[in-house]
Amino acid sequence: MMTSVDTDLIRVLADPLRLRIVTLLAQETLCTTHLVEETGARQTNLSNHLRVLREAGVVETEPCGRYTYYKLRPDVLAQLAGQFTALAESARTAAENKRACP
């Protein structure tokens with residue numbers, strides 16, 4: 001059984017700032033202002049990273065007056081974790097299989 005992992009999602013999460021944003025949003029729902037304060041990133045840079053996370057389905061927005069709050073979609077991360085779990089299980093059984101050299 002071949003197991004695949006969502007490589008697009010891994011690329012999205014591989015960026016250090018985006019991973020930091022995801023880590024912060026795992027703790028609480030935050031607006032852009034909070035994320036700027038926590039990360040030290042410029043607002044325009046942060047907005048671009050949030051757009052990438054939103055397009056990848058990792059975060060969703062919640063308008064609140066003139067602010068936009070961001071919250072994590074745990075189901076997306078759980079799905080990715082499940083893919084890695086399946087990959088680890090496959091690796092356990094693969095350790096017992098050895099292809100003979102020609």
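1. Burial terms first: buried means under 20% relative accessible area, exposed means over 50%, and partly exposed lies in between (1.4 Å probe, protein chains only). By that scale Ile 10, at 32% relative accessibility, counts as partly exposed. Ile 10 sits in helix α1 (residues 7-14). Helices here are DSSP runs of H or I with at least four residues, strands are E runs of at least two, and both are numbered from the N terminus.

2. A note on provenance. This is a predicted model, where local features need pLDDT of at least 70 and side-chain atom pairs count only at pLDDT 80 or more, while totals for chains, interfaces and linings use all residues. Residues are numbered from 1 along each chain as its sequence is written, and side-chain values use heavy atoms, with hydrogens and water left out.

3. Salt bridges. The term requires a side-chain nitrogen of Lys or Arg within 4 Å of a carboxyl oxygen of Asp or Glu. Side chains of opposite charge can pair when their charged atoms come close. A search of the whole structure finds 6 such bridges.

4. One of them is in α1. The side chains of Asp 8 and Arg 11 meet at 3.2 Å, N to O. Both residues lie in helix α1, 3 residues apart, about one turn of the helix. Asp 8 is exposed, at 52% relative accessible area. Arg 11 is exposed too, at 57%.

5. Glu 60 and Lys 71 form a salt bridge at 3.8 Å, N to O. Glu 60 belongs to strand β2 (residues 59-64) and Lys 71 to strand β3 (residues 67-72), so the pair ties together parts that are 11 residues apart in sequence. Lys 71 also bridges to Glu 62, at 3.5 Å, N to O.

6. Helix packing. The axes of α2 (residues 16-25) and α4 (residues 43-55) come within 10 Å and cross at roughly 75°. That makes α2 roughly perpendicular to α4; the class covers 65 to 115 degrees, with under 35 roughly parallel, over 145 roughly antiparallel and the rest oblique. Axes are lines fitted to C-alpha atoms, for helices over the stretch in contact, with angles from 0 to 180 degrees between N-to-C directions. From α2, Leu 17, Arg 18, Ile 21 and Val 22 meet α4 residues including Asn 45, His 49 and Leu 53.

7. Leu 17 in detail. This α2 residue counts as buried, at 17% relative accessibility. Beyond its neighbours within four places in sequence, Leu 17 is in contact (heavy atoms within 4.5 Å) with Thr 39, Ala 41, Asn 45 and His 49. Leu 17 and Asn 45 are 28 residues apart in sequence and 9.6 Å apart in space, C-alpha to C-alpha.
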